[in-house]
Amino acid sequence: MVFCLIGLAVFGALGIFSAKYRDYFRQALKCVMQSAVLRPCTTGFDKKMQMKISTKLASKNKKLGNFVFKNFQAISVIFVIIMFASLAYGAYGVYNWIAFGNCNGPQGGECVLNDLTAPQTQECIQAGIINDLDQNSPGLKQSTG
Amino acid sequence: MGLNVEKLRQDFPILQKRFEGKPLVYLDNAATSLKPVQVIEKEMEYYREYTANIHRGMHKMSEQASREFEKAHEKAAKFIGAKGIEEIVFTRNATESFNLIAYSLLNEGFFKKGDEVLVSKMEHHANLVPWQFLERKAGIKLEFVELNKDFTLDFEDLEKKLNEKTRLVSLTQASNTVASIVDVKKAGEIVRKNSSALFAVDGAQAVPHFPVSVKSIGCDFYCFSSHKMLGPTGIGVLYGKKELLEKMQPFQYGGDMIKEVQWHSSSWNELPFKFEAGTPAIAQGIGFGAAIDYLQKLGLENVRKHEKEITKHALERIKEVKGVKVFGPEDLEKRNGIVLFDAGKLDCHDIALALDEAANVAIRSGMHCAQPIVESINPKGLARASFYLYNTKEEIDVFIESLKEILGTFK
């Protein structure tokens with residue numbers, strides 16, 4: 001069940017680009033839904049992933065493969081904690097940005113969201129610097145001859 | 001003359017495929033077999049050249065489809081030594097064949113409360129669950145024949161369990177789990193000597209692997225599937241003695257199984273079509289005929305000889321793998337090409353997944369549709385490698401080496 005949560009996020013993202021991962025996403029989703037209503041997971045998704053990952057790693061490094069196989073549950077728990085922690089931290093950042101105009105809250109500091117909407121970026125667009133860059137791009141030069 | 005395995009492997013398109021650069025080692029033949037191009041082409045031929053419904057058209061294509069479909073019945077009859085097509089009912093699979101027996105006998109009131117049905121303890125669910133249904137529906141009692149320590153049938157127990165209440169005995173000819181081959185001819189003689197019960201045989205794991213004659217066995221019913229013997233899925237066979245099938249009630253009602261229909265009554269078609277209601281699996285039936293041709297061309301004695309050789313090789317080599325325990329008779333004459341094994345600490349599903357991931361070796365894991373017997377050995381399930389005519393000793397070596405590697409890595 002724990003790995004299914006990670007699978008849901010990872011394969012949900014990868015599934016946008018490849019149909020192969022959409023099937024994994026569906027299996028992970030089914031597993032999470034079953035677990036949510038206190039039913040046992042019937043897809044065997046976590047077991048499949050445990051063996052796939054461990055065997056892949058073991059082909060490069062036997063000890064590492066065996067370590068991941070033996071501690072798969074614990075590693076999954078750590079990843080889930082990290083995933084939820086980063087989600088919570090990200091959500092807090094968005095809240096700060098909406099409330100205070102900065103991801104870090106009233107104290108200010110470096111903020112990736114500010115960079116996207118920074119006055120400098122807007123000024124660059126208005127000044128046509130991006131167009132100038134496009135005009136000077138090597139690909140454009142080749143195509144214009 | 002033995003099998004030319006290298007040559008016949010060319011007939012199987014899947015064996016020419018590469019998965020991530022590696023060839024497939026298919027050792028899940030007890031679940032279903034691979035299909036040769038001759039079978040695939042024959043099935044396609046129906047769709048390409050004479051797609052039509054059978055038995056009800058006057059046009060050329062319908063006649064050809066009917067002829068080919070009935071020819072497949074004839075081939076199946078000849079293949080197992082039946083008298084003719086009236087004794088060969090096409091079903092969806094062996095499971096449906098058993099259900100047909102159960103429902104049809106139930107419908108005609110063959111079973112009374114307190115009657116007994118006897119099966120062995122190594123049966124596939126197909127030859128167990130329909131009789132459990134009769135326990136609830138007709139109040140019959142389901143009894144089990146014990147197995148010996150080497151998982152062969154205990155004939156003494158069979159004799160002991162037979163009595164005047166026994167109405168039906170249904171045994172497998174070859175187990176899909178513990179690999180035992182049952183001497184069903186001997187079992188049939190015991191059944192006839194000690195009771196008036198009907199005798200049914202599950203031949204799903206027998207017909208694809210060695211010559212079978214229903215005449216020689218002397219059974220009343222014999223069930224098997226096409227997909228385990230190089231044929232298409234969705235088609236199976238119920239052999240039944242003509243005089244029994246004539247007396248039995250249809251299993252399903254509707255089109256094609258009727259002779260005449262009035263507003264309130266109908267009469268039934270002749271055998272075997274009385275039991276084949278609706279449009280059947282025509283393409284699959286025709287493809288099944290091609291599978292029989294293919295097997296007959298190779299010769300089932302040769303198939304059996306080849307399987308014995310590779311099973312012997314597998315059983316010898318698996319002894320090299322530490323911690324692995326194999327179940328089934330040691331005598332090669334008493335076993336089929338199945339190796340059921342337990343790898344101790346490592347779960348059977350983990351083994352199957354790792355073999356697939358590491359070396360493209362396809363084996364089966366779990367309960368193998370025979371939960372009671374498998375669970376009695378290991379409640380978590382067991383791993384199973386099963387061989388067929390296209391498997392080679394080299395493939396067995398890949399399987400064993402990969403198994404060693406996996407068990408050496410994941411401790």
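Between chain A and chain B, about 1100 Å² is buried, 65% of it on carbon and sulfur atoms; buried area here is the accessible area, with a 1.4 Å probe, that two parts lose on being put together, summed over both. The size of an interface is often given in this way, as the accessible area lost when the parts come together. Please keep in mind that this is a predicted model, in which local features need pLDDT of at least 70 and side-chain atom pairs count only at pLDDT 80 or more, while totals for chains, interfaces and linings use all residues. Residues are numbered from 1 along each chain as its sequence is written, chains are lettered from A and ligands numbered from 1 in the order in which they are written, and side-chain values use heavy atoms, leaving out hydrogens and water.

Chain A brings 13 residues to the contact and chain B brings 11 residues, where contact means heavy atoms within 4.5 Å. The two chains are joined by 4 salt bridges, each defined as a side-chain nitrogen of Lys or Arg within 4 Å of a carboxyl oxygen of Asp or Glu. A:Lys52 forms a salt bridge with B:Glu357, with 3.0 Å between the closest N and O atoms.

Which elements give two or more residues to the side of chain A that touches chain B? They are helix H3 (45–60) and helix H4 (62–70) of chain A; helices (H or I, at least four residues) and strands (E, at least two) are DSSP runs, numbered from the N terminus. H3(A) gives the most, with 8 residues.

Let us turn to chain B. The side chains of B:Glu45 and B:Lys42 meet in a salt bridge, at 3.1 Å from N to O. These two residues are separated by about one helical turn, because they are 3 residues apart in helix H3 (residues 37–49) of chain B. Over all chains, the structure holds 25 salt bridges.

Two backbone features remain. The peptide bond from B:Leu271 to B:Pro272 is cis, with omega near 0°, and B:Pro272 lies in the loop between strand E12 (266–268) and helix H11 (282–298) of chain B. B:Leu230, a residue other than glycine, has a positive phi, near 75°. B:Leu230 is in the loop between strand E9 (221–225) and strand E10 (236–240) of chain B.
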